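Please have a look at it first.

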Amino acid sequence: MLGCCGGGLRVRSWLTFASGLFECLCFAGAVFGWASLVFVLKSDGYFSELCVNTTSSNGTYTTDCSEQDEKLSLIFTIASFMNNFLTLPNGFLFDRFGTMVTRLLGISIYTTGTMMVAFSNAAMSILLYPALSFIAVGGILFLVTNMQVGNLFGSRRSTIITLYNGAFDSSSAIFLIIKLLHESGVSLQASFLFLSMCSLIHLLRTFLLMPRKHIPYPLPEGYTYGMSCGQKKSYSIEGKSANQGNIQTPAVHRGDRSPRGHTIIPKRVSDYKSFGSCVLSWFFLWHLLWLSVMQLRHYLFIGTLNPMLNRLTAGEPALVSTYTNAFAITQLCGVLCAPWNGLLMDRHKGRARKPGESERDADLQAAILSLAVTALQCVLFSVCAASPLLPLQYLTFILQVLNRSFLYGGNAAFISVAFPAAHFGKLYGLVMALSAVVSLLQYPCFALIKGPLGGDPLYVNIALTLLTLLAFIHPIYLYLHCRRLATQRGRTTN
């Protein structure tokens, strides 16, 4: 019987992992495929009443749809803001109520969003405002509850976590599929009704392949979840087994869950540092700046991609469609790029540490290169995005997906090594929420381009490129900090 249960648990673990990867890849981050959906929405006449006929200087008649672009950009701005800002309450919700409650809420929100898009039309364009926000918030809840699946695989945990993050990025290609289906005659309503019906898959995973509360880390012996073939043991958030009475495990075996539902590192005696002191530290401030400026650059690029392509192609629909498809296809590579940053940060694992050097010191030292490479990628991406050369945008798309994968993986990894594990969830949620507030600047930037700048984004692109240079402050400060620690260790050993 025990052998049966052991084999059954292994099979269930792999089914949970595979189905979770499918869920993140096909649903969780679909909202970031906005550029493909905009193409469909414009074809179906959403906000088309805002387009006006104008006469150019040479006497030819043209159609000015800048107000339509502005409305569509605002929808993405709000949705992307909600996706990040609600990470903090989502983390508290997951920690307090567990997997089942969180997933049922996420499924309800996500399905409501897809149904609203399905039953919207050009006359009801206003429905897109709540609909895309619901899809974004529901999608991040899928990711939050799936991250803990890595806890089932021990040494492979970090790899699985980065794969889920990459799958979240790659799911933006779902709107590309909807665009291609639309060009083949499948209506927008049919596509989103199908996405709504897929909620049955999410429900089945919730009840059959996910725990009611949380997956602990490290896994207690005999841990089971979902549909068990033997006597079921339940475990609390503190990692206690029901068959151990009320005896709490030592602190070294207890982990802290992040808003994405996974344990980062075990608690240590040195972890007793106040949350307030972490927030007020230079590490947190420079990390927030590092994340915010690069995230703003990415969000403005995604939100304005369709108008940019229209400008570079002189409004040629076939060319706009081709480049939109190319952008969406490159997003699929996010799941392949995501683990690279983890390998970069873990390159010191297994090496002998210097005298007096702690594991945290080694992790911080390894993070310098990761943070600097991510900032350099963003600068190169921003320079290419600012170029008026249309063929160069293929390189822009590649740099964008590579940098986005490094950005979010490096964000979580740095917080996990730089701050006490006891505060990871709160710090991660706070940095995402604060960076979401900064990302709201994308809308006034877009309004500036469409208004005073007459549709030419050159000056805004230059300003954003210079702004991304501020991201290098973070790795420089970390380098100076590590050098100070090395000097202190040298004095101590001597």
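Over the face of which ring does R297 lie? R297 lies over the face of F381, at 5.7 Å from the ring centre, where "over" asks that NZ of Lys or CZ of Arg be within 6 Å of the ring centre and within 35 degrees of the ring normal. R404 lies over the face of F32, at 4.3 Å from the ring centre.

A word on the basis: this is a predicted model, in which local features need pLDDT of at least 70 and side-chain atom pairs count only at pLDDT 80 or more, while totals for chains, interfaces and linings use all residues. Residues are numbered from 1 along each chain as its sequence is written, and side-chain values use heavy atoms, with hydrogens and water left out.

Turning to ring pairs, the structure holds 23 aromatic pairs, meaning rings of Phe, Tyr and Trp (its six-membered ring) with centres within 6.5 Å, called stacked if the planes are under 30 degrees apart, edge-to-face if over 60, and tilted for the rest. F27 and Y110 are edge-to-face, because their ring centres lie 6.4 Å apart with the planes at 80°. F81 and F85, by contrast, are stacked, since their centres are 5.0 Å apart and their planes at 15°. F81 counts as buried at 15% relative accessibility, whereas F85, at 35%, is partly exposed; buried means under 20% relative accessible area, exposed over 50%, and partly exposed in between (1.4 Å probe, protein chains only). Ring pairs also link F32, W34, F76, F168 and Y299 into a cluster.
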